[in-house]
Amino acid sequence: MVSSILVDALAHPSQAIQDLADDGGDLNELPIRVSKYFSDVFASPDAFNEITVLDPNTPLESLKPRTLVRFDGMVQDTACSPEIYLSRRDDGRVGGWGSYEHDDAGDDTKPVDYNLLRECNVVWAVSIPGQSSWCRGGSEVASTDSKPLLPHKYPHPSSPHLGLQVKVYDSTFSESLRTTDLHSFVGVLTSDPWHTASDAGSSTLVPTIHLLFARKIAPTLVPRAFPDSSFESPVQEVREQLVAWIADEALAGDKLAAEWVLISLVSKVQSRTPPILPLSLTLSGYGASKGQRPRLIEVLSHLVPMVSVLPITLDTVNTTAFVPESKDEDLHSGWLQQPKGSLCVLSEVALDEGTVSEKGVYNLRMVQETMATQTLDYVFPFSQFSFEADINFIVLASGRKSAFFQTQLQIPVQGAAEAGLYIADNRPVRLPSPQALSEYRKLIGGAKIANVTLDERTANFIQDDFVKARQAGASRKNAGNTDNTVTPDDLIVRMMAARLLAASYPQTRSDGRGL
Amino acid sequence: MAFPSSSPTKTPRRSQGNAMDSDPLDFPSSPAAAPPQTPRHRRGDIHPSINITPSSSARRARPTPRSRNDNLNSDGTHLDIPMSSAPNLSAAPAPSDEPDEIRAIWGTTVSLSDTMKMFRDFIQGFKPKYRATHDRENGIKSKPFQSVEEAEVLLYEKYLRQMRRTGETNLNIDIVNIMVYPPSKKLHTQLTKYPQEVIPVMDQVLKDLMVELAEVDHRAGEEGMEGTDGEEEIADIISKVYKVRPFGLPSVNMRNLNPADTDKLVCIKGLVIRATPVIPDMKVAFFRCLTCQHTVQVEIDRGKIEEPARCSREVCNQLGTMTLIHNRCEFADRQVIRLQETPDAVPDGQTPHTVSLSVYDELVDVAKPGDRLVITGVFRSVAARVNPRMRTMKSLFKTYIDAVHVKLGGGGALGFDKSTRPAQGDRPSGVAGVGDGNDDEEIDGQESRKAEMERRIRELSHRDDIYEMLARSVAPSIWEMDDVKKGILLQLFGGTNKSVSRGGGGGGPRYRGDINVLLVGDPGTSKSQILQYVHKIAPRGVYTSGKGSSAVGLTAYVTRDPDTKQLVLESGALVLSDGGVCCIDEFDKMSDATRSVLHEVMEQQTVSIAKAGIITTLNARTSILAAANPVGSKYDVDLPVTRNIDLPPTLISRFDLLYLVLDQIDENLDRKLAQHLVSLYLEDRPMGGNQDVLQLPELSAYIDFARNHVNPVITEQAGEELVACYVEMRKLGEDPRGNEKRITATTRQLESMIRLSEGHARMRLSDYVELEDVREASRLMKEAIRTSAMDPRTGKIDMSLLNTGTGSGQRKMRDDLRKAILDVLNTSGNKNRNVKWGEVVRQLNEQSSVKVDTADFNEVVKVLENEGLIKVIGEREKRVIRKID
């Protein structure tokens with residue numbers, strides 16, 4: 001019985017909606033009933049996996065219109081103007097969910113019952129930026145020839161992706177949608193025109209999901225637990241191996257740097273007042289890249305679910321958009337529009353000499369601000385709106401320090417010279433066994449969602465250390481050295497590092513160790 | 001038309017008007033010969049949409065008496081009640097051949113004649129006392145009436161007379177007043193639910209009443225209404241179109257507008273992001289037959305004008321001979337505005353929504369991009385055409401709002417400074433018309449709430465610690481820095497803008513009342529946070545960062561409008577913040593070109609543009625709050641301010657207050673700070689802090705109120721104190737031991753002190769600047785001077801440090817250095833009198849107890865070289881100095 005419902009829902013979603021509408025019951029409640037019905041039908045993981053998945057590899061043309069599809073995506077734009085549709089047609093057919101498509105509602109002299117008009121909200125969703133291939137189910141994105149529509153609405157416009165319009169009929173759900181939220185959207189696929197204010201006349205057809213229901217995706221993409229008891233070998237060992245692997249494969253054997261990388265990977269926005277924000281990290285001493293890829297990027301892409309590499313070159317800085325900006329009431333995306341919990345590697349290794357334009361300066365400032373406050377200002381005409389972000393930043397600097405950014409941590413990579421920090425042909429990144437790799441991911445994912453408190457002893461330790469350091473700084477300053485004064489910011493960094501260290505161990509309380 | 005023309009007409013003129021109104025098709029072939037016609041009652045905000053919305057088509061489909069009219073072309077104006085209809089309204093069984101109940105709004109039991117009667121009642125019977133009762137019942141405090149008569153006055157009759165005198169045709173009506181007047185209570189619901197039908201009816205009644213009132217006054221022989229004057233006046237009134245503009249609905253968030261609101265009266269607030277130029281909307285097309293010269297007028301129908309295919313004269317009846325005579329067509333002004341949610345109305349973490357707004361006639365060009373508006377209008381849904389060239393429509397709808405009333409400057413934050421907008425040039429808030437709250441405060445819809453607010457504000461202002469409390473409320477999350485907060489607070493209040501035009505200058509210069517504040521300090525001392533906070537509460541506040549703004553970003557630039565493809569001038573931060581506060585972060589990192597613009601702004605308060613053929617001077621009457629880092633990012637207390645800040649002294653001197661925010665090392669303070677921070681990070685929730693602060697909206701309202709209502713005047717006593725303080729400040733520079741004189745204060749500082757005193761008086765809501773205001777201003781100035789103009793070598797205050805970049809102590813030192821250099825050259829010079837550069841420095845260092853500053857040395861050598869006393873030969877390390885005799 002259940003399976004027949006499932007099959008019906010899969011094959012003829014519109015019919016199921018029509019049936020629900022015919023049940024009687026309040027028309028206003030219909031969107032809620034629809035979403036409840038379908039989420040119940042697809043409650044089990046097996047049923048959920050039955051739904052056709054849309055990803056950049058899916059040839060949209062091959063899908064029949066009005067198929068039931070699933071799309072894991074990031075909400076890019078919630079500012080699209082809502083649509084008003086006729087919820088019930090003259091012939092009793094239900095409106096909405098794309099049923100009106102290519103079907104003229106008779107001539108305009110026909111009376112319209114305004115009481116039947118309903119509103120649906122439109123959002124633009126794109127495939128999750130920077131999603132690592134291992135959590136996409138293994139399939140590598142093949143660079144297809146088909147050009148994605150409206151590439152300006154994707155943070156990395158040049159990389160293959162899928163962007164589509166999601167029409168949300170359930171108003172309570174649409175109100176909860178925020179930009180950069182991650183959801184699995186399940187709905188009916190059609191092709192609808194995309195409306196913007198600038199092109200009132202001509203409108204392009206874009207793939208559209210008429211949403212039946214949606215599921216939230218965890219910031220780790222794969223659900224994790226903390227503390228996690230499912231490790232096969234002792235956690236401490238896993239951690240040691242992980243640090244060793246990062247150090248050997250990415251950082252020329254520098255274990256200290258690897259520790260800090262791990263700490264910065266697991267940091268997240270813990271609270272906003274007082275601000276406990278992710279620690280930003282600069283790894284310096286990379287040297288010139290000579291067109292090679294830093295090994296760290298490769299290593300990280302095997303460890304974290306979302307990593308985007310922002311090449312800080314004059315070209316990118318001066319010409320591409322870093323922050324989302326509303327132009328003609330269409331919200332263009334920018335590099336920094338990243339889902340919460342993602343990792344952003346700012347790679348300065350390919351930087352050359354040249355001029356930074358006004359736009360470039362603005363872009364760099366926005367990166368710095370996002371790093372410092374974990375909020376991103378979207379530019380709207382006459383106003384800027386601040387949106388919360390949760391992005392971990394790792395800066396790869398070729399010199400002694402980053403050319404543009406001030407991070408909370410600066411770690412020079414000091415490793416064996418011959419090992420090299422870049423991927424060379426004769427030395428590819430060696431992957432550990434798949435089991436070990438999945439243990440590593442589990443550890444990082446778990447630590448990412450951990451909640452750690454500091455105990456009194458640690459707090460006092462840090463406090464005393466701070467006062468001592470200030471005194472020392474003051475005396476140094478009297479001696480003519482003004483560089484090394486300890487600021488309250490340093491204190492905060494220490495406290496956060498203590499917390500994160502505990503989380504990576506993994507423990508729920510931090511003690512005085514390690515400082 | 002619903003109203004039979006058989007009704008008795010009062011004046012011949014009106015019947016004439018009626019005839020004109022009846023049918024455009026029956027127009028004589030040469031309408032120019034016709035007597036001056038009564039303008040058809042055509043309202044942009046009510047009409048064209050009827051023609052294009054499906055709603056109207058829905059209604060039209062039903063046989064209602066209104067659309068029963070055989071005149072197809074006047075379809076759109078089917079609600080236009082002829083002038084003569086008024087008399088039969090009062091008579092219930094009108095001499096009509098139609099059943100009365102049909103004359104109702106379709107689908108409802110609302111009878112139009114009832115509506116007319118109610119509105120007539122309202123205009124003739126509303127007295128302020130009703131409103132007062134209502135306010136009392138709802139616990140809203142309103143201004144008490146001065147006398148019994150004031151409560152009993154027939155308010156709207158007064159307005160009608162005022163309209164007649166001023167020739168105004170718009171009557172703004174507060175909907176709350178309609179609601180609280182018992183006989184018209186039902187009208188309130190009708191108006192909000194069926195504005196399309198009710199507003200034209202109200203317009204009609206308004207016109208009738210205007211005429212009636214004029215006639216009554218004419219008969220009574222009131223002033224200006226006697227004899228022929230009165231006749232003319234009445235004729236004039238008849239020829240005018242009167243409009244009712246209702247307002248005062250509680251505003252809703254624009255994202256709460258839903259289909260249920262379609263065709264209802266709604267009120268929303270928002271920020272204008274784009275406004276199209278005025279679009280001439282053709283209302284009536286005028287066609288002429290090329291063969292027989294027969295002319296035909298065609299009215300707009302559902303947004304379209306049907307071109308007659310053949311001449312309508314039967315004798316002629318030729319195909320395709322009708323041509324449009326452009327200058328005989330009638331046009332109305334229309335403008336489309338995109339309105340965006342104001343940042344304060346957007347739910348947390350959401351992107352702002354926008355709606356389209358159509359404004360018509362008088363409302364056109366009232367709002368400019370960047371203005372905050374409160375709009376009362378009719379919400380529309382229009383079926384979207386799949387293709388503009390196709391007739392089929394989708395069952396999808398577009399929505400927009402037809403504005404019937406526009407009010408400027410709504411929103412939680414401060415409005416712009418009213419004194420910066422000309423009284424007549426820009427129309428004041430609300431559109432032209434009477435009955436708005438602005439010309440008569442006590443009937444404003446917001447007034448009762450305003451009165452409540454005012455009472456609270458006044459109450460607050462009587463607190464003894466109001467100054468401290470307000471200062472605490474500025475950026476409450478930031479600890480300490482009380483004097484900085486106080487300075488910024490006074491900046492927000494601002495001094496009064498003065499113009500010497502009264503003093504005989506004849507539109508002479510305007511003295512700025514804006515206070516400029518500069519914060520200089522070590523990184524990480526929460527300067528930016530303060531700026532952000534001020535940006536949030538400041539009126540028309542604009543936040544820009546030095547690094548991210550170019551000169552154009554700060555002033556204005558020329559760009560191509562996306563709609564019209566014409567060059568337009570877009571204003572940047574400074575012009576946008578005209579009448580507000582412009583917050584500039586990273587002031588030191590701004591390019592020199594950009595900064596030079598500020599020179600003009602900060603003293604002249606204008607921005608001059610000469611770009612792409614557009615030459616203009618824009619007003620930028622803005623206070624500037626800037627934050628800068630010292631040179632080398634850390635403040636060196638041993639160097640004067642000008643050496644620490646890489647800003648031209650001329651610019652620094654334009655700041656009224658300059659605060660140094662330094663990071664000092666002190667064990668006790670550090671421990672306290674560490675404890676505070678650690679405790680913050682130990683707990684989940686931050687410490688409560690001081691609860692006795694004003695919330696942001698309250699503070700904003702307080703400042704707004706003070707800025708708009710209080711213009712303090714300096715009392716004699718305060719004036720004397722100002723003089724005394726100024727003299728005292730100047731005296732600070734006198735050194736009893738030496739004969740050198742330092743300049744401690746200049747007239748700029750005196751002006752600053754006046755502004756600060758005024759700001760302080762404003763803060764107390766006092767109409768007079770009194771002694772205490774001046775004392776506090778003087779204290780703040782001294783605090784600021786002490787930190788910024790202290791000569792680190794002498795510990796004395798020296799304003800010339802700021803004004804010229806060198807203090808008198810330094811000047812004296814340079815004099816000494818000069819003597820010493822000459823001595824060295826005289827004594828140690830060999831026969832060529834060539835001395836190595838390094839040698840001079842070494843010898844000087846040997847002589848002096850302090851190290852000789854290289855910069856000073858270079859400076860002095862350059863001066864000596866210019867004077868022709870010495871000559872420098874060679875480059876870099878090999879330089880030699882030769883004395884010239």
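Trainee: What share of the residues of chain B count as buried?
Mentor: This model is predicted. Chain B has 885 residues. A residue is buried if 20 or more other C-beta atoms lie within 10 Å of its own. The share that counts as buried is 45%.

Trainee: How many helices and strands are there in chain B?
Mentor: Helices and strands are counted as DSSP runs. Chain B holds 30 helices and 26 strands.

Trainee: In the open sheet of 3 strands in chain B, which are the edge strands?
Mentor: The order is β24-β26-β25 (chain B), with antiparallel pairing. An edge strand here pairs on one side only. That gives β24 (834-836) and β25 (870-873) of chain B.

Trainee: Which residue of β26(B) is the bridge partner of N834(B)?
Mentor: β24(B) and β26(B), residues 880-883, run antiparallel and are joined by 3 bridges. For N834(B), the partner is R882(B).

Trainee: At what angle to β24(B) does helix α29 of chain B run?
Mentor: Helix α29 covers residues 837-847 of chain B. This helix lies across β24 and β26 of chain B. Its angle to β24(B) is about 75 degrees.

Trainee: Which strands does helix α30 of chain B touch?
Mentor: Helix α30 spans residues 854-867 of chain B and packs on the sheet. Its direction makes about 115 degrees with that of β25(B). The strands touched are β25 and β26 of chain B.

Trainee: What should helix α6 of chain A span?
Mentor: Helix α6 has 16 residues, 235-250. The expected span is 1.5 Å times one less than the number of residues.

Key. Residues are numbered from 1 along each chain as its sequence is written. Chains are lettered from A and ligands numbered from 1 in the order in which they are written. This is a predicted model: local features need pLDDT of at least 70, side-chain atom pairs count only at pLDDT 80 or more; totals for chains, interfaces and linings use all residues. Helices (H or I, at least four residues) and strands (E, at least two) are DSSP runs, numbered from the N terminus. A residue is buried if 20 or more other C-beta atoms lie within 10 Å of its own, exposed if 12 or fewer, and partly exposed in between; C-beta atoms are placed from the backbone. Two strands pair if DSSP finds at least two bridges between them. Two residues are in contact if their C-beta atoms, placed from the backbone, lie within 7 Å. Axes are lines fitted to C-alpha atoms, for helices over the stretch in contact, and angles run from 0 to 180 degrees between N-to-C directions.
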